[in-house]
Amino acid sequence: GDATAAANVINFLNANFVQSQFLFVAINNLGDFDGDLVFPGKWFFERLWGTDAGGGNGEDALGEGGTLHVENDNTAAIRNIVVMEGESGANEAVDNAGAAAISTGEAATAANILTLANTNLLGGTPIYILLNVGGKWGGTVFSIPQGAEWKVEGGKLVIEKENALSSSGASLLPSDTHVSNANAVSLVNAIRLSASSGRNRASGNKGNVRIRTGNAFAAANILNVVNTNIIGLNGLFALINISGNWNGNIAFGRPDLWLGSAATLSEQPARVHTGIGYTFTIRNNGDADATAVRLQGTFNTNHLGLEDAGGGIIGDSGAVTWDIGAIPVGGAVTRTLRAYVANLPIGTTDLAHSFSVSGFETDGYARDNFDSLVILAERNASKVPYVPAGSWPPELTISKTREGPDDITASSTVHYKI
């Protein structure tokens, strides 16, 4: 089987938090991961960053004419000693009468270390996400917050938004604030992790032997905040390890596109030459903006004619597509299409239509991305919209004649033609 070892270490030593809000995340996923990592969406960051200082109004945090005095006399000796081992090999098969086969899994190690020491962070809205993937990843980052960027460096995915340092602190601080620190810190993080699925031995077997090991992965996350004053700063810090292959994306919230459709008829029920107006409404009910939104569907070309596609692009077999663009959180757009009933068979006919909406990002609830309409149409046989050749109404006659010889005898079979 698989072998895993993981450690998450967070140290706060002589750290002062004043009117600040933080989200700290440490995740170790052991094995392959099939799915998205979804962080809070747009509303979370707008609330978090809607003020420059932990719930204030973003104005001068120290009041009119206020000053902030910070005096630090700090020393910090920090050592991070991380020893990790991942092993799936060193397997041995000897002295067996039959054939021997050995197959090993993958082995990987990963470590994330972030240290803030002997510093002042005053105001701002930083993001720092560090992610290790032990296997393969071919995804992307959706709905990244404004001002943040993502890149892959040193085999790691880094998402970062620089802290906008300012001299302002929390909105509730007095007009004149003094902060004084005198600290001496010695910090040693000593971590040893070993994950081994190997070192297996099979010997002295009379038949064939096979050794098959699992994957081995060791991961560590370390966050040190030492001798640090954090005043009026709201941010997100995340350290993430995924040991295997990752089939997914990072998303900051999700859009939720909802599609509704309606039809208005020039007469009820629909008949030949009846006009039909379609209206499609798309709303984003999610917590992330939707981009590259597309509405598409088909109209029934067997019975309908198109008057106005409303800006849509007409394709083969009645396909119609609208490239809408972006829809923000809580936003809505509408599109219209006008058609008419061109022909109908005698009797009743269901005019069925289906449409769907999609976007670039993974949708939060895909079940409401589809909608369909069925319009009942009829054609009465007594109201034929054209006059056939000849007289109208038609004159119908019926005749009966006997077939065979003129003379017939008793018990003979007689044939008639009607």
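Biologist: How much space lies in the largest cavity?

Modeller: Rolling a probe the size of a water molecule over the atoms shows where empty space is left. Here the largest cavity holds about 80 Å³ of space. It has 13 lining residues, and the closest to its centre are Ile 10, Val 25, Ala 26, Leu 223 and Leu 239. Two or more lining residues come from each of strands E1, E2 (21-29), E16 (216-231) and E17 (234-242). A cavity is a set of points on a 1 Å grid over the protein atoms alone where a 1.4 Å probe fits but cannot get out, and lining residues have an atom within 4 Å of a point. Strands are DSSP runs of at least two residues, numbered from the N terminus.

Biologist: What kind of model is this?

Modeller: The model is predicted: local features need pLDDT of at least 70, and side-chain atom pairs count only at pLDDT 80 or more, while totals for chains, interfaces and linings use all residues. Residues are numbered from 1 along each chain, and side-chain values use heavy atoms, without hydrogens and water.

Biologist: How many residues in the lining of the largest cavity are nonpolar, polar or charged?

Modeller: Eleven are nonpolar, two are polar and none is charged. Ala, Val, Leu, Ile, Met, Phe, Trp, Tyr, Cys and Pro count as nonpolar, Asp, Glu, Lys and Arg as charged, and the others as polar.

Biologist: Is Ile 10 buried or partly exposed?

Modeller: Ile 10, in strand E1, counts as partly exposed because its relative accessibility is 43%. Buried means under 20%, exposed over 50%, partly exposed in between (1.4 Å probe, protein chains only).

Biologist: How many cavities of 30 Å³ or more does a search of the whole structure find?

Modeller: The search finds two.

Biologist: Where is Ala 292 found?

Modeller: Ala 292 is in strand E22 (residues 290-298). Ala 292 has a positive phi of about 50°, although it is not a glycine.

Notes
Helix = DSSP H or I, 4+ residues; strand = E, 2+ residues; numbered from the N terminus. 1 Å grid on protein atoms, 1.4 Å probe; cavity = no way out; pocket = protein on both sides within 12 Å on 5 of 7 lines; lining within 4 Å. Points joined across faces, edges and corners; volume = space filled by probe spheres on them.
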